[in-house]
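Work through the exercises below with the coordinates open. Each task is followed by a stepwise solution.

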Amino acid sequence: MANKISFLVIVLNITGTIVYGTPKPPIKKSVQAKTSWISLFDGQSLKGWHIFNKTGQIENWTVENGAMVCHGFKGPSGAGDIVSDLKFENFELSWEWKVDKGSNSGVFYHILEGPKYHRASETAPEYQIIDDAGFPAKLEEWQKTGADYAMNVPNDKKKLQPTGTWNTSKIIFNKGHVEHWLNGKKIVEFNAWTEEWNKQKKEGKWKDYPDYGIAKAGSVGFQDHGNKAYFKNIKIREIK
């Protein structure tokens with residue numbers, strides 16, 4: 001009888017492996033002790049911001065009706081990204097945004113600057129922002145709004161407001177645990193720096209960018225992809 005039971009257990013184990021595959025490890029979460037909110041944009045000026053790898057006057061971003069507006073730098077994509085002077089490690093970042101028809105943009109965090117880098121996307125993970133419905137080219141899921149660009153795609157809770165109207169978004173980064181939220185719903189969740197994350201990086205778009213996503217702290221920023229985009233109520237609080 002014992003031999004029959006052992007054989008049955010072995011068969012069930014083999015069958016389970018074939019049908020279900022190797023289960024993914026659970027996404028690990030860490031305790032969040034949050035500080036007070038800090039406003040990164042005063043709604044009247046670009047104080048506290050600079051263009052990626054540059055100092056001096058900002059020409060491709062202005063302030064209109066309480067929003068920080070990208071007008072689209074006429075140069076290489078990302079050459080006009082706007083970056084916060086302050087740097088953050090673990091945080092909750094919240095903002096409101098809208099784009100014009102066909103526009104493309106995004107929000108970066110843990111940006112590194114220096115002569116070896118040409119744009120924020122070479123080092124910084126991105127919360128993708130784009131006109132899903134009206135962009136003039138076919139989009140993959142990893143290119144659509146809310147995605148962890150080129151890494152993790154949104155789930156079925158994603159609900160976008162119509163193009164040209166305001167959406168609310170946030171990013172939570174806590175010791176490698178990352179969440180993307182859109183209009184009150186959590187649409188992306190993953191852990192950075194894990195074996196799975198490193199495999200995605202090495203096999204995908206970032207395989208030729210060794211410094212992508214490695215920083216534990218850095219600036220936050222908004223992408224200039226050559227299109228008009230609007231951002232307001234930009235605030236952040238650190239997680240201790």
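**Exercise 1: strand pairing**

Task: find the bridge partner of S169 in β10.

Solution. The model is predicted. Step 1: locate strand β10, residues 177-182. Step 2: read off the partner of S169, which is L182. β9 and β10 run antiparallel and are joined by six bridges. Two residues lie between them in a hairpin, and K175 in the turn has a positive phi of about 55°.

**Exercise 2: the other neighbour of β9**

Task: state how many bridges join β6 to β9, and how many of the eight residues of β9 are buried.

Solution. Step 1: β6 spans residues 91-99, and seven bridges join this strand to β9 in antiparallel fashion. Step 2: within that pairing, E92 stands opposite I172. Step 3: β9 covers residues 167-174, and six of its eight residues are buried.

**Exercise 3: a salt bridge between strands**

Solution. The partners sit 78 residues apart in the chain, K170 in β9 and E92 in β6. Step 3: K170 reaches 21%, so K170 is partly exposed.

**Exercise 4: two contacts of K186**

Task: which glutamates form salt bridges with K186?

Solution. Step 1: E179 meets K186 at 3.9 Å, N to O. Step 2: E189 also bridges to K186, with closest N and O atoms 3.4 Å apart. E179 is buried at 6%. E189 is partly exposed at 24%, and K186 is partly exposed at 22%.

How values were computed: Residues numbered from 1 in each chain as written. Predicted model: local features only at pLDDT ≥ 70, side-chain atom pairs only at ≥ 80, totals over all residues. Heavy atoms only, no water. Buried < 20%, exposed > 50% of the residue type's maximum accessible area, 1.4 Å probe, protein only. Helix = DSSP H or I, 4+ residues; strand = E, 2+ residues; numbered from the N terminus. Pairing = 2+ DSSP bridges. Salt bridge = Lys/Arg side-chain N within 4 Å of Asp/Glu carboxyl O.
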